[in-house]
Amino acid sequence: MSVSGSCEPGSARLNVRVPHAARMYDYFLGGKNNFPADRAAAEQVLRVAPSVRVWARENRAFLHRAARYAAHAGVDQYLDVGTGFPAAPNLHEIARKTTPAARVVYVDNDPLVSVHARALLTSPPDGRTAYVEADLRSPEAILSSEELGATLDLSRAVVLSLVAVLHFLPDDDDPAGVVRRLVDALAPGSCLILSHGTGDFAPEAARRGAEIYRERGIAVQARSKAEIAALVPAGMALVEPGVVPIHRWRPDAGSGEYGDTEIGVYGLVARKL
């Protein structure tokens, strides 16, 4: 879930006095992998946007549903960029309920995430799980990593998960170009799972929340539905129901009922033609 914060890509440094997006997200989810600086910043966000905890949970649920869709579509390889801290069930656990031999590569740039991921993400005999410490803004470093090369076969379809991470790339970082370079490396039939924060439903809360992140050195940019749809590269087709608030993307029966204002996040799945 992190592309910006207190460490440089590939660095072993950890500055717990500066909030980090992944650790703030962990706090929103009720996790314990966070520090006072993360909790203080997160509480400030919650004061202006109290429904953030709801959308964090719904974002996880969206990822699970989208991953199940991809697994049932026959894709058994996953590249999850902006992983954040392990939170059961993890993506590899969801995928292996359908495909026990599924292979998963997780990517994040927080060294604390790396420690937890390497300790907890074990591989079954017939599958493989790997972790890459890299930054989304350097897609070539991700694609050329030894861990990815040893785990995924890019000549076959892959699920690329970019869940709640692209809003940490402002326009200057060319998020559409980043997505395109990653998708270009994938085979036809690959899937893109994407979720992204928006100000379409609660613009003032989104604006004030973004200001809190930026004041703490974390770049963030909410985008409209049209801007988020434009992040999908040419040559991909949206899966129904298209770009919708995450709780409306193929919801499970009996799932919670929320208004779009409470969520403030769009989600989509697209397939490479």
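His 64 touches Pro 89 and Ile 94, leaving aside residues up to four places away in sequence, where contact means heavy atoms within 4.5 Å. The place of His 64 is in helix H3; helices (H or I, at least four residues) and strands (E, at least two) are DSSP runs, numbered from the N terminus. With a relative accessible area of 13%, His 64 is buried; buried means under 20% relative accessible area, exposed over 50%, and partly exposed in between, with a 1.4 Å probe and protein chains only.

The model is a predicted one, in which local features need pLDDT of at least 70 and side-chain atom pairs count only at pLDDT 80 or more, while totals for chains, interfaces and linings use all residues. Residues are numbered from 1 along each chain as its sequence is written, and side-chain values use heavy atoms, with hydrogens and water left out.

Taken as a whole, the protein has 11 helices and eight strands. Of its 273 residues, 55% are buried. Among contacts between residues at least 6 apart in sequence, 74% join residues at least 24 apart.

Five of its five residues are buried, so S1 is largely enclosed by the rest of the structure. In a regular strand the side chains alternate between the two faces of the sheet. In S1, Gln 77, Leu 79 and Val 81 point one way, Tyr 78 and Asp 80 point the other way, and all are buried. Two strands pair if DSSP finds at least two bridges between them. S1 runs parallel to strand S2 (residues 103-108), and five bridges join the two; Arg 103 in S2 is the bridge partner of Gln 77. S1 also runs parallel to strand S4 (residues 159-163), here with three bridges, and Asp 80 stands opposite Ser 161 of S4.

The helices come next. The 13 residues of helix H2 (residues 36-48) should span 18 Å at 1.5 Å a residue, and the end C-alpha atoms are 19 Å apart, which agrees; the expected span is 1.5 Å times one less than the number of residues. The buried residues of H2 are Ala 37, Asp 38, Ala 41, Ala 42, Val 45, Leu 46 and Val 48. These buried residues pack against helix H1 (21-28), helix H3 (52-72) and helix H9 (203-215). H1 itself is mostly covered, with eight of its eight residues buried; among them are Arg 23, Tyr 25 and Asp 26. Just after H1, Gly 30 takes a positive phi of about 85 degrees.

In the segment before H1 lies Leu 14, which counts as partly exposed at 37% relative accessibility. Leaving aside neighbours within four places in sequence, Leu 14 is in contact with Arg 23, Asp 110, Pro 111 and Leu 112. Leu 14 and Asp 110 are 96 residues apart along the chain, yet their C-alpha atoms are separated by 7.8 Å.

The largest pocket has a volume of about 460 Å³. Of its 28 lining residues, the closest to the centre are Val 52, Trp 55, Thr 198, Ala 206 and Gly 264. On a 1 Å grid over the protein atoms alone, a pocket is an open set of points where a 1.4 Å probe fits, with protein on both sides within 12 Å along at least five of seven lines, and lining residues have an atom within 4 Å of a point. Grid points are joined across faces, edges and corners, and a volume is the space filled by probe spheres set on the points. H1, H3, H9 and helix H11 (260-263) each supply at least two lining residues, and the largest share, five residues, comes from H9. By class, the lining has 19 nonpolar, eight polar and one charged residues; Ala, Val, Leu, Ile, Met, Phe, Trp, Tyr, Cys and Pro count as nonpolar, Asp, Glu, Lys and Arg as charged, and the others, Gly among them, as polar.

A few backbone details remain. Most residues other than glycine have a negative phi, and most peptide bonds are trans. A cis peptide bond, with omega about 15 degrees, joins Glu 240 and Pro 241, and Pro 241 is in the loop between strand S6 (236-238) and strand S7 (244-245). Asp 174, although not a glycine, has a positive phi of about 55 degrees; it lies in the loop between S4 and helix H8 (175-184).
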